[in-house]
Amino acid sequence: MTINRRELLMLAGSAAAAWLMPRSVGAQSDHAHHPLLEPRRFPTPVQRIAPPPKFVTPLRLPGHEDLMASLRLDAPLELYSRVVPIPLLGGPHTLMWCYEGEHAGRLVRNPLLRVRRGQELAIRLRNELPESTTIHWHGLNVDERNDGSGLHPVLPGASNLYRFAVKDAASMYWYHPHPHYRTGLHIHSGMSGLLLVEDEREDQLRASLDLEFGVTEIPLLIQDKQISEKNQFQYEVGDDDWIGNRVLVNWTPEPYFQAERRAYRFRLLNASNARPFNIAFVLDGVALDFWLLGTDAGLLDRPQRVKQCFLAPAQRLDVLIDFARLPAASRVRLTSLAFDPMENDGAPLVDLHLEHPGATPLGEALDLMAIDLEGKAARPIRPPSRLASLPKVRNAPVTRSFRVHIEGRRWLIDGRNHHDDMDTPRFRVRRGDYEVWEIANDTVSMPHPMHIHAFRFRVLERIGSPAQIREQAAGRAGLTPQDRGWTDTVLVWPGERVRIGIDFSQPFTGDQTYMFHCHNLEHEDQGLMLSFVVGDEA
Ligand code: C2O
Ligand code: CU
Ligand code: CU
């Protein structure tokens with residue numbers, strides 16, 4: 001008989017697990033060593049499974065200062081990457097790594113940056129951390145120098161100016177560090193922020209739905225974190241899938257959001273290291289209908305009515321839900337519904353859940369936030385039937401195919417790991433070409449959210465999908481509602497082959513090197529990544 005991770009977790013609460021201890025924060029590990037070779041430490045006694053969240057803290061909304069301060073980037077901004085003690089959880093302050101700066105005389109941390117499409121963004125990063133970091137502009141079509149990948153680390157004490165025109169479609173993007181081997185640590189330790197690109201079309205959509213950003217249109221930066229009893233983020237560099245025992249939404253633990261009985265637009269980002277969510281709004285055990293308006297990199301052509309939607313690390317969802325018909329005093333829950341996590345990678349069992357005491361096992365239902373309804377009911381609304389005009393997807397023969405697989409405990413793309421031939425680009429793409437990539441995930445594997453820098457793309461076809469994806473798919477090509485829009489990160493399930501179409505047009509010249517990688521940050525750090533060049537010559 002074999003026992004799976006879930007059964008093992010049950011044991012974790014018993015005496016059998018007394019010898020299993022979580023590990024310490026990885027922040028002090030030596031950069032010079034290969035993180036996979038670092039010794040493992042077992043400092044604190046195992047924690048019991050966390051009690052269910054009570055949702056007692058008002059959700060942080062973007063304000064004028066501190067965490068998630070919302071600001072219009074109308075002038076250059078300086079951001080310092082530094083470690084600051086922040087009262088995040090009640091009790092001891094959390095030593096949080098963040099991007100801190102000053103805007104209009106106010107202290108801002110991990111600010112929510114609002115830019116108009118076409119405008120210039122100028123941000124100087126001053127690195128006060130004891131190790132290299134970067135700012136990567138996830139989803140934006142920028143040149144290599146501004147891309148902030150591990151190819152261009154900002155050394156301790158150094159600074160770098162990111163400066164480029166934001167030409168990308170209106171949508172919610174995000175920014176985060178991207179140092180080789182250390183992205184998981186930096187993001188888990190607190191560095192990430194939202195970047196909202198807006199244009200006239202957005203203004204019209206908001207006007208037609210009577211939405212106000214920050215009031216009835218709410219950004220939700222969602223992440224699970226492993227947090228110690230002393231309120232510190234715990235992370236071990238070199239480990240696998242780092243799931244957590246607490247969920248923070250907009251840096252708020254156990255948040256509730258006080259809402260009126262009317263329509264709301266939520267802009268969700270999964271900024272977790274490794275945990276995919278299966279997003280739903282649930283009232284009294286029933287998943288409510290909502291409309292999917294957009295995905296990672298823009299609006300869909302028409303709203304899709306759904307009850308659930310996967311949200312893998314790095315992905316965004318733009319959704320509209322109407323609470324007008326629900327009774328007053330209802331408590332709706334933003335939930336991750338149970339799903340099959342398909343952890344078929346054959347990794348040793350003493351993993352994952354035991355290293356993350358109190359963490360809800362991957363795939364188990366997990367409440368993220370409460371939404372409390374009050375007041376008089378507004379008139380129910382419908383979103384406009386047409387949101388955007390998307391170009392028809394172009395099917396074409398496969399240009400390149402990639403196989404994601406594991407050997408021992410190493411993740412590989414076509415037999416190679418990024419760290420084998422560090423930063424040697426694997427192939428060249430001719431600028432302006434349209435390519436179809438097929439990403440095949442082994443059956444003995446895990447779901448991998450595969451992300452391409454600088455180019456948004458369309459999902460063309462899913463082949464060999466597991467039942468939980470087939471059930472959501474409608475029509476040809478096995479596509480789910482979420483596959484009907486622009487994306488920069490696509491979740492590829494074990495056994496699946498996913499075809500994507502990418503237009504490699506960009507306004508830059510010369511060779512530009514970008515990354516293609518899994519956005520499970522531990523996989524990325526362990527080398528499930530490659531770099532490729534976009535240039536004028538193929
Ligand atoms: Cu959001 Cu290469 O990353
Ligand atoms: Cu990216
Ligand atoms: Cu992965």
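Me: Along the chain, which spacing do the donors of the copper ion (ligand 3) follow?
Reply: The model is a predicted one, and in it the copper ion (ligand 3) is coordinated by His 448 through ND1, Cys 518 through SG and His 523 through ND1, at 2.0 to 2.1 Å. Written along the chain, these donors of the copper ion (ligand 3) follow the spacing H-x69-C-x4-H.

Me: Is Cys 518 buried or exposed?
Reply: A residue counts as buried when its relative accessible area is under 20% and as exposed when that area is over 50%. Cys 518 has a relative accessibility of 0%, and therefore Cys 518 counts as buried.

Me: Is Ser 389 buried or exposed?
Reply: Ser 389 is found in the loop that runs between strand E25 (366-374) and strand E26 (400-407). The threshold for an exposed residue is a relative accessible area over 50%. Ser 389 has a relative accessible area of 59%, and so Ser 389 is exposed.

Me: Which residues lie nearest the centre of the second largest pocket?
Reply: The second largest pocket has a volume of about 550 Å³. By class, its lining has 14 nonpolar, 5 polar and 8 charged residues. Of the 27 residues that line the second largest pocket, those nearest its centre are Asn 141, Arg 456, Trp 486, Asp 503 and Ser 505.

Me: Which elements give two or more residues to the lining of the second largest pocket?
Reply: Counted by element, the contributions of two or more residues to the lining of the second largest pocket come from strand E10 (159-165) and strand E33 (497-503).

Me: Which element of the protein has the lowest mean pLDDT?
Reply: The protein averages a pLDDT of 90, and 89% of the residues score at least 70. Over residues 1-48, however, the pLDDT is below 50, although this stretch has 99 contacts in the model beyond near neighbours in sequence. Among the elements of the protein, strand E17 (residues 263-270) has the highest mean pLDDT, 99, whereas the lowest, 36, belongs to helix H1 (residues 5-12).

Definitions and conventions:
Residues are numbered from 1 along each chain as its sequence is written. Chains are lettered from A and ligands numbered from 1 in the order in which they are written. This is a predicted model: local features need pLDDT of at least 70, side-chain atom pairs count only at pLDDT 80 or more; totals for chains, interfaces and linings use all residues. Side-chain values use heavy atoms; hydrogens and water are left out. Donors are N, O and S atoms within 2.8 Å of the metal (3.2 Å for Na, K and Ca); water is not among the atoms, so sites may look incomplete. Buried means under 20% relative accessible area, exposed over 50%, partly exposed in between (1.4 Å probe, protein chains only). pLDDT is the predictor's confidence in each residue, from 0 to 100. Helices (H or I, at least four residues) and strands (E, at least two) are DSSP runs, numbered from the N terminus. Contact means heavy atoms within 4.5 Å. On a 1 Å grid over the protein atoms alone, a cavity is a set of points where a 1.4 Å probe fits but cannot get out, and a pocket is an open set with protein on both sides within 12 Å along at least five of seven lines; lining residues have an atom within 4 Å of a point. Grid points are joined across faces, edges and corners, and a volume is the space filled by probe spheres set on the points. Ala, Val, Leu, Ile, Met, Phe, Trp, Tyr, Cys and Pro count as nonpolar, Asp, Glu, Lys and Arg as charged, and the others, Gly among them, as polar.
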